[in-house]
Amino acid sequence: MSGIGARRLGRSAVRVSELSYGGAGIGNLYSPVTDEDAAVALNSAWDAGMRYFDTAPHYGLGLSERRIGAALRGRPRDAYTVSTKVGRILEPVTGPVSGDDLADGGFAVPADHRRRWDFSADGVRRSIESSLERLGIDRVDIVYLHDPDDHGEEAFREGYPALERLRSEGVVGAIGAGMNQAEMLTRFVRDTDVDAVLCAGRYTLLDHQALTELLPAASERGASIVIGGVFNSGLLADPKDGARFNYTEAPDELLDRARSLQGLAARHGTTLRAAALAFPFGHPAVASVLVGIHAPGQVADAAEQFATEVPGDFWKEARAEGLLPPEAPVPGESAPGEVAGP
């Protein structure tokens with residue numbers, strides 16, 4: 001995989017590349033991306049060694065799924081892994097379509113569909129069938145319950161059992177949940193038999209919420225964690241004035257911490273972005289880091305930063321300066337009991 005390794009998800013047979021492609025950007029998140037640029041970005045990701053592609057119906061009202069499916073068409077089906085999500089049903093808008101989806105969903109696409117929350121068993125099956133059609137493949141490797149924050153009881157009562165049945169039928173290879181929080185994901189890991197959960201923005205150089213309960217629970221239960229939002233909306237990519245942290249302008253305290261980490265990285269001959277990509281792998285439950293990519297040039301940068309060495313002295317000094325908590329495991333210090341190894 002051109003220097004990008006692969007790990008197994010929990011106890012499943014599904015494998016994911018350690019550096020993976022997050023598909024929200026090519027769903028025209030916040031701004032348009034041409035079909036040509038999306039295709040180049042996806043093909044560049046393949047050439048760089050990425051073999052895990054994450055998407056969702058929510059991303060561009062299906063546009064991300066269609067673009068990923070088109071890019072993978074003709075590739076050996078066993079050579080890549082695709083995850084999509086359930087919980088939002090896309091329903092066509094009847095009559096003339098006016099405006100875009102930016103105000104409602106954040107995607108620069110025509111508002112020709114509306115989203116309807118649905119974590120019922122029937123909704124899960126319908127969503128997967130529609131995703132398979134948009135992707136143009138005969139199976140999905142991983143399915144996550146998508147953002148069930150306000151629909152937890154339905155997701156646990158109906159959505160999760162439906163996924164478990166689909167896994168037993170061989171329709172999907174691995175199942176889990178994907179959220180921007182750690183608390184409910186911990187419940188999924190402890191109370192169900194998920195293979196993995198996708199935790200966005202809650203286990204990074206600046207945010208260690210997942211370390212308290214989620215990551216230990218995953219290790220105990222033999223589940224894997226996929227980390228999204230590793231740059232916390234951009235602050236850990238470029239801590240400039242006005243940088244965003246988890247979708248809003250970063251507070252001064254976090255901006256100062258990010259800049260301190262950036263300076264420390266430079267003193268050790270590495271970069272803040274390389275450290276941000278490497279940090280999650282200090283914990284043995286982490287299987288992959290998703291990077292949102294929408295422009296071709298971002299692929300080369302992500303692959304380069306992923307391959308950049310982060311010296312052990314960087315982690316030691318970060319702890320000594322209080323920039324990382326002493327209990328946070330760092331690369332090279334993984335505890336025994338690894339669940340997501342090669």
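## Exercises: a buried helix and the spaces in the model

What covers the buried residues of α5 includes β10 (140-146), α4 (152-168), β11 (172-179), β12 (196-200) and α7 (214-221). Keep in mind that this is a predicted model.

**Exercise 1.** Find helix α5 and work out which of its residues are buried.

*Solution.*
- Step 1: Go to residues 183-191, which form helix α5.
- Step 2: Use the cut-off: buried means under 20% relative accessible area.
- Step 3: The residues that pass are M184, L185, T186, F188 and V189.
- Step 4: Look at the spacing along the chain. In an α-helix, residues three or four places apart point the same way, because there are 3.6 residues a turn.

**Exercise 2.** Describe the largest pocket: its space, its centre and its lining.

*Solution.*
- Step 1: The largest pocket holds about 1400 Å³ of space.
- Step 2: It is lined by 46 residues, and L29, G229, S233, Y247 and G292 are the closest to its centre.
- Step 3: Elements giving two or more residues to this lining are β11, β12, α9 (272-278), β16 (286-292) and α10 (296-307).
- Step 4: With four residues, α10 gives the most.
- Step 5: Sorted by class, the lining has 17 nonpolar, 21 polar and eight charged residues.

**Exercise 3.** Now try the largest cavity: how much space lies in it, and which residues line it?

*Solution.*
- Step 1: The space in the largest cavity is about 30 Å³.
- Step 2: Its lining consists of P57, H58, K85, V86, G87, R88, S127 and H146.
- Step 3: Sort them by class, and you get two nonpolar, four polar and two charged residues.

Technical notes
Residues numbered from 1 in each chain as written. Predicted model: local features only at pLDDT ≥ 70, side-chain atom pairs only at ≥ 80, totals over all residues. Heavy atoms only, no water. 1 Å grid on protein atoms, 1.4 Å probe; cavity = no way out; pocket = protein on both sides within 12 Å on 5 of 7 lines; lining within 4 Å. Points joined across faces, edges and corners; volume = space filled by probe spheres on them. Nonpolar A, V, L, I, M, F, W, Y, C, P; charged D, E, K, R; others polar. Buried < 20%, exposed > 50% of the residue type's maximum accessible area, 1.4 Å probe, protein only. Contact = heavy atoms within 4.5 Å.
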